[in-house]
Amino acid sequence: MNERTPPMRTPAFEARLKKRYAAERRFRLTGIAAIMFSMIVLAFLLVTMTLNGVGGFQRAELTVPVDFTEAGISGDPTALAQPGAMQSLEMQGLPSVVTFFAEQELGEQGAAQLGTGAWREVGRAIIDDPSLLNGSTTFDLPASSDLASALRGEGPDDLQVLAAQLAQDRKLDTHLDFGFLARSDATDPQQVGIWGALKGSILTMIVTLALAFPIGVLAALYLEEYAPKNRWTDLIEVSINNLAAVPSIIFGLLGLAVFLWIFPSMRSAPLIGGMTLALMTMPVIVISGRNAIKAVPPSIRDGALAIGASPVQVVFHHVLPLALPGILTGTIIGMARALGETAPLLMIGMRAFVAAPPDGFTSPATVLPVQIFLWSDEIDRGFVERTSAAIIVLLLFLLVMNGLAIYLRNKFEKKW
Amino acid sequence: MVTVVHPNLEDTEAKMSARDVSVFYGDKMAIDNVSIDIPTKYVTAFIGPSGCGKSTFLRTLNRMNDTIPLARVEGEILLDGDDIYRSKMDVVQLRARVGMVFQKPNPFPKSIYENIAYGPRIHGLAEGKQELDAIVETSLQRAGLWNEVKDRLEDSGTALSGGQQQRLCIARAIAVDPEVILMDEPCSALDPIATAKIEELIDELNGRYAIVIVTHSMQQAARVSQRTAFFHLGKMVEYGRTSDIFTNPLEERTKDYITGRYG
């Protein structure tokens with residue numbers, strides 16, 4: 001008399017079960033679709049950047065053999081080691097020597113298309129190696145940016161003809177431009193470099209990290225472990241959360257009003273930029289730090305207290321080491337944001353044209369994102385590729401920074 | 001209503017004494033006027049239904065309640081005649097003298113060696129590495145864990161089984177050479193075999209340290225303790241020799257609890 005179907009096998013149950021499985025499949029598919037979409041966008045971004053940027057790491061160069069034996073330039077190595085060596089070479093007529101040999105090799109028209117500061121590259125080579133003055137050497141010198149775009153097939157017809165002619169004679173070619181990573185900003189896209197901005201970014205990040213990390217971590221520790229829970233700490237908590245959401249340009253205004261008021265002579269300096277960005281990064285570190293500290297199980301604190309550790313020992317021997325990976329994650333996010341920040345730095349004058357890399361925390365500098373912003377504003381077509389190349393450098397810097405932080409985080413995590 | 005204290009406790013030499021202790025969480029009274037002598041040479045068990053305040057009272061004995069912002073303690077608790085709640089009492093020193101083992105094993109996420117060595121190190125109990133090694137070995141031996149871990153002292157303490165972790169915590173408490181060990185339901189997260197080992201360990205430690213154990217299990221109280229206090233609704237209802245409490249309770253509520261009528 002066992003006619004009854006068990007409840008598992010009723011049609012209604014089967015239908016419900018089917019629906020549940022379908023819902024799960026749908027959910028999984030949406031998840032995969034979301035990930036695919038972001039992967040495609042990311043890939044698109046990286047591919048376009050790379051394709052554009054590859055050109056930025058190259059430049060059109062004219063091949064010019066220079067015979068120094070009859071140029072009459074003095075090759076005293078001690079004089080060339082002096083700081084004013086470049087001026088001295090200029091006085092001795094190096095620019096006209098270079099122009100002379102360029103005219104011989106490329107013709108008058110071709111020589112006119114030599115980049116304006118091309119002789120400086122010859123000068124730098126001589127300073128590096130004075131023995132060059134005893135013989136003849138072939139230099140690859142930057143072409144003017146007009147000739148460079150003519151080589152790409154843009155600009156006036158006569159220049160395009162000239163470029164094609166020179167290229168056919170193997171006197172004009174694009175070469176990998178390692179100097180891009182060593183030079184600084186310039187007005188001619190053929191002669192710009194990213195090193196000045198990169199160094200500015202590095203110095204600024206050092207200041208930001210040195211200020212924001214200790215202050216942020218200590219604030220988080222105090223608020224979580226020591227501060228009494230009352231109206232004042234609630235107020236502080238709300239304020240910190242609000243600070244993290246304040247538009248970055250406001251911090252720039254603050255830096256302008258406060259820091260530049262205290263240090264009026266340090267306009268555009270990485271020190272001031274770093275301090276401004278530290279203000280912006282600190283709330284992020286405090287918030288993530290508090291969450292990481294909150295996540296340390298209370299039983300660990302109890303265990304340490306119960307064998308007679310003082311509150312400071314509990315914090316520094318147990319809580320902080322366990323919370324450190326989480327704090328580092330927050331720091332990565334905060335620092336990555338600071339690295340990509342432009343607006344507050346514009347306010348404190350880090351958008352200036354700086355042709356020499358900063359030689360310290362207090363000398364004028366610019367940073368990578370500001371440099372990108374400045375180049376993207378230029379009219380000269382040659383800057384388009386340079387801008388992409390700078391973006392690639394910025395992304396690589398970000399990658400290295402995050403990689404380092406992740407390495408550190410994993411190292412601390414393995415410890416226990 | 002006052003606590004019924006059995007009259008035959010004359011031989012009790014008190015290590016700790018509570019005098020009219022009340023504990024408040026904000027406005028709520030968690031412990032109501034408890035007075036008890038904790039004997040030096042015996043294991044004292046606190047039993048009672050959930051929420052009766054036995055754990056709260058245990059935590060007042062080494063001032064672990066200080067970590068709870070709203071908790072307030074009235075009355076006095078004496079350790080060798082000194083009031084531990086007096087303003088000049090050094091809490092760090094107190095907790096070195098009155099150790100504690102918790103409900104859930106909570107070894108530090110460090111090596112087994114570091115777990116034991118941490119206490120002696122912060123209290124400066126060892127001169128040099130050899131002495132520290134000796135303390136680690138003795139503590140682990142007393143906790144009955146030495147033979148199981150002697151070859152892997154550098155392994156993480158959290159990689160041990162639950163029962164081993166709890167014995168590691170007991171060894172950690174022993175390592176700072178306390179006078180009293182408080183145990184807050186030390187076996188509630190363990191299986192019967194691990195529980196038996198811990199009970200055996202409590203038996204061995206009995207006499208060397210004054211031990212106070214909070215337990216949900218009446219059988220456990222009967223097995224390991226010589227003195228039992230029954231708590232109910234924040235009050236201590238009855239206190240006496242364990243044998244008397246279980247065979248001859250004087251209070252109706254105690255009788256109801258140990259016969260399983262509630263709890």
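Good morning. I begin with one pair of residues in chain B: B:Phe24 stands opposite B:Met29 in β3(B). Please keep in mind throughout that this is a predicted model.

In chain B, seven strands form an open sheet in the order β1-β11-β10-β4-β9-β8-β7, and here the pairing is mixed. Because β1 (4-5) and β7 of chain B each have a single partner strand, they stand at the edges, with one side of each lacking a neighbour in the sheet. Within this sheet, strand β4, residues 43-47, and strand β10, residues 227-232, of chain B run parallel, with four bridges between them. As a point of reference on that pairing, B:Thr44 stands opposite B:Arg227 in β10(B).

Which strands does α6(B) lie across? The helix lies across β7 and β8 (180-184) of chain B, and runs at about 170° to β7(B).

The helix α6 of chain B, residues 162-175, also meets helix α4 of chain B, residues 128-142: their axes come within 8 Å and cross at roughly 130°. An angle of that value makes α4(B) oblique to α6(B). The crossing in which α4(B) passes α6(B) is right-handed. On the α4(B) side, the contact is made by B:Ile135, B:Ser139, B:Leu140 and B:Arg142, and on the α6(B) side by B:Ala171, B:Ile174 and B:Ala175. Sorted by class, the residues of this contact are five nonpolar, one polar and one charged.

Finally, the contact between the chains. How many residues of chain B are in contact with chain A? There are 22 in chain B, and they touch 16 residues of chain A. On the side of chain B that touches chain A, the elements giving two or more residues are α2 (91-97), β7 (98-101), α3 (112-123) and α6 of chain B. The residues on that side comprise eleven nonpolar, seven polar and four charged.

To close, I would draw attention to α6 of chain B, which lies across β7 and β8, contacts α4(B), and contributes to the side that touches chain A. Thank you.

Conventions. Residues numbered from 1 in each chain as written. Chains lettered and ligands numbered in written order. Predicted model: local features only at pLDDT ≥ 70, side-chain atom pairs only at ≥ 80, totals over all residues. Axes fitted to C-alpha atoms, helices over the stretch in contact; angles between N-to-C directions. Parallel < 35°, antiparallel > 145°, perpendicular 65-115°, else oblique. Left-handed = near helix turned anticlockwise from the far one by under 90°. Contact = placed C-beta atoms within 7 Å. Nonpolar A, V, L, I, M, F, W, Y, C, P; charged D, E, K, R; others polar. Pairing = 2+ DSSP bridges.
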